[in-house]
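Here are a few notes from going through the model.

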Amino acid sequence: MRSPKKIPAPSTITGVILFLAVLAVISTPLIDAHQLVILRASDEDARRTSAFESSAKSNPESHPDLFFPLTPGTWWLYRGTVTWSDQQTEKDAHADVTLKMTVEKVIQKPEFTIAVLSGFPRDLDWATGEVAAMPWLLIETSRHEVFFNSLPPDFNYAKLEKDAASLDKFLSEDNLLFRWPLKQGMKFGDAESLRRDDAQYCWVVATQETKKLADIKGLPARSIEVSTLRFTTNPDDTEMELSHGIGILSYQYHHHGTVAETSLTLVEFHPAQPPPATPGAKP
């Protein structure tokens with residue numbers, strides 16, 4: 001036989017209703033406040049993402065941190081001397097020279113940045129005075145690999161933008177100048193050269209030291225880290241001083257037989273300002 005069901009007293013029911021009502025009033029603002037914080041955080045993230053994407057799309061020449069400042073219009077001015085053997089006098093001849101290296105064009109790809117340069121210190125190797133600036137191709141990959149290539153005067157630059165396969169030959173190991181961050185003892189080049197015990201026929205980070213910039217127009221006097229990159233073969237050797245954010249500080253070339261020497265030092269550096277980004281849409 002079942003026990004009769006007990007019915008709560010009216011006072012008990014009233015107390016429960018009042019408790020639930022108070023609980024609803026207290027908990028509702030807390031939930032709303034929590035939701036409000038989440039919405040504000042989401043809105044702020046969306047705002048930042050929108051601004052970043054808008055800036056990247058409106059400024060196609062913006063790029064991540066690069067070793068060389070690759071903005072069209074940036075230029076470096078080098079002064080120094082070239083030395084050669086004068087066959088008529090059978091004596092060494094010297095000439096004061098000036099070379100200007102300029103970023104003419106920049107093409108941004110997903111995996112690398114391509115820069116067309118006018119002039120490079122190597123133009124003066126074996127020269128007997130001033131020379132015309134030659135076209136060069138500098139490519140820096142997302143892995144911080146820097147490739148340098150000379151270009152023929154009739155090179156079709158349209159291929160750089162349209163045909164990605166045409167870049168393969170420019171990204172060969174033979175054209176790898178270095179990979180940063182640089183550390184003393186690092187070697188760059190083809191696999192066979194890297195296996196040599198004499199550190200020849202490949203680029204080697206020979207030294208690293210802190211130097212104080214002085215007498216370079218366009219740069220404030222300050223201490224910077226300088227890496228010396230050296231390429232030595234039986235007939236000749238090449239040496240460059242490099243600094244991140246500036247590029248080449250000095251360039252030396254020496255032929256071990258017939259006299260042919262180039263000695264250049266950076267005397268002016270003028271980085272161009274990147275084009276202003278178009279403001280993103282207001283949130």
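**Notes on the predicted model**

1. Let's start with a polar contact: the side chains of Asp 236 and Thr 233 are joined at 2.6 Å. Bear in mind that this is a predicted model. The side chain of Asp 236 also makes a polar contact of 3.0 Å with that of Tyr 253.

2. Asp 236 sits in strand β10 (residues 236-243). It's buried but has no salt bridge, and the nearest side chain of opposite charge, Arg 122, is 9.0 Å away. Leaving out residues up to four places away in sequence, Asp 236 touches Phe 231, Tyr 253, His 254, His 255 and His 256.

3. Now the largest nonpolar core, with 61 residues: Phe 68, Phe 148 and Phe 178 touch the most other members. Strand β2 (residues 91-108) gives this core its largest share, eight residues. Beyond four places in sequence, the contacts of Phe 178 include Phe 68, His 144, Glu 145 and Leu 242.

4. Most peptide bonds are trans, and most residues other than glycine have a negative phi. One to check against that: the bond between Trp 180 and Pro 181 is cis, with omega about 10 degrees. Pro 181 is in the loop between β6 (176-179) and β7 (187-188).

5. Two non-glycine residues with positive phi are worth a look too. Glu 90, at about 55 degrees, is in the loop between β1 (75-86) and β2; its relative accessibility is 70%, so it counts as exposed. Ala 199, at about 60 degrees, lies in the loop between α3 (191-194) and β8 (203-212), and its 30% relative accessibility makes it partly exposed.

Technical notes
Residues numbered from 1 in each chain as written. Predicted model: local features only at pLDDT ≥ 70, side-chain atom pairs only at ≥ 80, totals over all residues. Heavy atoms only, no water. Helix = DSSP H or I, 4+ residues; strand = E, 2+ residues; numbered from the N terminus. Buried < 20%, exposed > 50% of the residue type's maximum accessible area, 1.4 Å probe, protein only. Lys, Arg positive; Asp, Glu negative; His and termini not counted. Salt bridge = Lys/Arg side-chain N within 4 Å of Asp/Glu carboxyl O. Polar contact = N/O pair within 3.5 Å; in protein donor to acceptor, adjacent residues only side chain to side chain. Contact = heavy atoms within 4.5 Å. Core = buried A, V, L, I, M, F, W, Y, C linked by side-chain atoms within 4.5 Å.
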